[in-house]
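Here is a short report on a disulfide and a helix pair. Keep the structure open while reading.

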Amino acid sequence: MKKYRLAAIAGVAALGLGVAACSSSSSSSTSTPASSASAGGTSSSSASAGVAAAHVACPNGTLTFGVEPYDNASVLIPAYQTLSTDLGQQLGCKVNLQIAESYVAEILAMKNGKLDMGEFGPAGFVFASQQAGAVPLASFADSNGQLSTYTAGIWVKKGSPITSLKQLAGHTLALSSTGSTSGDWVPRYALIQAGVQNKVKTEYAGGHPESLEALLHGKVDAAEINSQTEASAEKAGTFNPSQYTEIWKSQPIPNDPITASGTMSPAGQTAIKNALLHLNASAFTSGKTSIASELDFTPPASGQVMIPVTTAMYGQLFALAKALSLTTSNL
């Protein structure tokens, strides 16, 4: 993943299916009619609902869906491709998947009318809500059907004399990237609470995988590794937790919301929400890389994989931004 630079905020990287926004036409975009979903087992009434949804959510036949760069684009594209395709079948439109260059880029893209919907990290959602009018629609359920969560963590090599946040004073700590919930905001606030915020040399590695790599290769004394990165790296065989010690773990953080642009009609927002809530589990767990493994959640054995969410459910992040006096300049 590229190291995120605030100068490189020309929007999002057009990766995957294309770059056409919902409000514009594109000769390379082809609509996926709702009748094709019917061929896959969707009832005719559901197909009719999909056609109706296409008129309100994507009247020109396309929807642009952005995802924040919490992992390498080469991993995120296949993980989100099935969801994008299945969502398009539900709505009767083509869904154009885009992986953002940075957290700021995704917010600006929605603010400037380049994204119709977007998955934001919890911290990114704070500013997407405030500055781009992002409306939360749904997020990912855990095995109990509740909003799934993850944690931030700070790790050191096993046997390190550093056993607490206070003992990080005088040492180097790798954070992931500016604007990351678990890789920036939450651990920085923890350092403030521990009274060592000005005594620790923090370095932004450029992303969650890069933060882990910095620790693995001995470039820093400690590194932020969230539970999602930990699970993915352990599964890939690139990280053995038994050789490291987690000296701090955050409280649970609610998982990413998928949002709609505030400029979209309420009917369009409702149509997308309903489509998300009725996606099959295969949209999140199929393929070599899946959203479930990337976000480290276990979907319910039966029932909805996505559940409705509201702004209030992310209240702790709005409070954290206020406590740290954060603005988008901190992303």
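## Disulfide and helix packing

Cysteine 58 has a relative accessibility of 1%, so this residue counts as buried, the cut-off being under 20%. This is a predicted model. Cysteine 93 is buried too, at 0% relative accessible area.

| Cysteine | Relative accessible area | Location |
|---|---|---|
| Cysteine 58 | 1% | loop between helix 2 (44-57) and strand 2 (62-67) |
| Cysteine 93 | 0% | loop between helix 3 and strand 3 (94-100) |

These two residues are bonded: a disulfide joins cysteine 58 to cysteine 93, with an S to S distance of 1.8 Å. The pair links distant parts of the chain, 35 residues apart. The structure holds 1 disulfide. What is its handedness? The torsion about the S-S bond of cysteine 58 and cysteine 93 is about -45°, so the disulfide is left-handed.

Now to the helix pair. Two packed helices are described by the angle between their axes and the distance between the axes. Helix 3 spans residues 73-91 and helix 9 spans residues 266-277. Their axes come within 9 Å and cross at roughly 120°. Helix 3 and helix 9 are therefore oblique to each other. The crossing of helix 3 past helix 9 is right-handed.

Which residues meet there? Helix 3 contributes Leu87, Gln90 and Leu91. Helix 9 contributes Ala271, Ile272, Ala275 and Leu276. By type, the residues of this contact between helix 3 and helix 9 are 6 nonpolar and 1 polar, with no charged residue.

Notes. Residues numbered from 1 in each chain as written. Predicted model: local features only at pLDDT ≥ 70, side-chain atom pairs only at ≥ 80, totals over all residues. Heavy atoms only, no water. Axes fitted to C-alpha atoms, helices over the stretch in contact; angles between N-to-C directions. Helix = DSSP H or I, 4+ residues; strand = E, 2+ residues; numbered from the N terminus. Parallel < 35°, antiparallel > 145°, perpendicular 65-115°, else oblique. Left-handed = near helix turned anticlockwise from the far one by under 90°. Contact = heavy atoms within 4.5 Å. Nonpolar A, V, L, I, M, F, W, Y, C, P; charged D, E, K, R; others polar. Disulfide = S-S within 2.5 Å. Buried < 20%, exposed > 50% of the residue type's maximum accessible area, 1.4 Å probe, protein only.
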